[in-house]
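Welcome! Let's get to know this structure together through a few questions and answers.

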Amino acid sequence: MKTRTRVVVIGGGIAGCSTLYHLTQEGWTDVVLVERNELTSGTTWHSAAQVTNFGMTQTMVGLKSHSIKLYQELAADPDYPINYHHGDGGIRLANTPEQMQGYRHFASMARGMGVEYEILDPAECARRHPLITTDRLLGGLWDGMDGDIDPAQLCQALARRARNAGAEVYRNTPVTALTQHKDNTWRYCRKVLGSLVSPNM
């Protein structure tokens, strides 16, 4: 195991694996990820794993659009494909005028970023999803790009690509303490195996 590295990512869930992968995409190859158990063994493996463009700010829409493109690329990888059902579609329902106003604002904002949504009336909501009751329903927001993904497969695919780019992943390596030094380097202690120093973490 390395005794010094540029970045240490702690935690092997979707946030950690995605961070490691995107660091390598920026050219940072002297990076490691440490996970106390196995990758995705925390909350990631049983997450709902809905993939949507929905977000109330342009930043969130941009991040989610980036994720969707990345997941499509991973799903199409002939060497290590993942289960990603893209474009199934989904409806966000509204039973107050304020919610509908928010959906109209969001749809307008997203359109400026090249993301299309539909504002639906109650009858159209019921037509697209017959199990929906229209009692007190004012309408909904249709996201045609809604889908779902296998979260454990996604993490493994991101970690695989990060490894191929030069990153290292250490499983069964719990972190027990963190210490920041005056020069802004960090030292983390791992159970039994010792410690690792990182100039940037």
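Q: With which residues is Pro81 in contact, leaving aside its neighbours within four places in sequence?
A: Contact here means heavy atoms within 4.5 Å. Once neighbours within four places in sequence are set aside, the partners of Pro81 are Leu74 and Ala75.

Q: How should the numbering and the values be read?
A: This is a predicted model, in which local features need pLDDT of at least 70, side-chain atom pairs count only at pLDDT 80 or more, and totals for chains, interfaces and linings use all residues. Side-chain values use heavy atoms, with hydrogens and water left out, and residues are numbered from 1 along each chain as its sequence is written.

Q: Where is Pro81, and how many Å separate its C-alpha from that of Leu154?
A: Pro81 sits in the loop between H2 and S4. Along the sequence, Pro81 and Leu154 are 73 residues apart. In space, C-alpha to C-alpha, their separation is 9.3 Å.

Q: Is Ala76 buried or exposed?
A: Ala76 belongs to the loop between H2 and strand S4 (84-85). Buried means under 20% relative accessible area, exposed over 50%, and partly exposed in between, using a 1.4 Å probe and protein chains only. The relative accessible area of Ala76 is 57%, so Ala76 is exposed.

Q: What covers the buried residues of H5?
A: In H5, the buried residues include Leu154, Cys155 and Leu158. Their cover includes helix H1 (14-25), helix H2 (58-75) and strand S8 (147-149).

Q: What span should helix H5 have, and how far apart are its end C-alpha atoms?
A: The expected span of a helix is 1.5 Å times one less than its number of residues. H5 (residues 151-164) has 14 residues, so it should span 20 Å. That agrees with the distance between its end C-alpha atoms, 20 Å.

Q: How many helices and strands are there in the protein chain?
A: Helices (H or I, at least four residues) and strands (E, at least two) are DSSP runs, numbered from the N terminus. By that count, the protein chain has five helices and twelve strands.

Q: Why is the protein chain described as more spread out than a compact globule?
A: The radius of gyration is taken over C-alpha atoms, and the globule rule is 2.2 Å times the number of residues to the power 0.38. For 201 residues the rule gives 17 Å. The chain is more spread out than a compact globule because its radius of gyration is well over that, at 21 Å.
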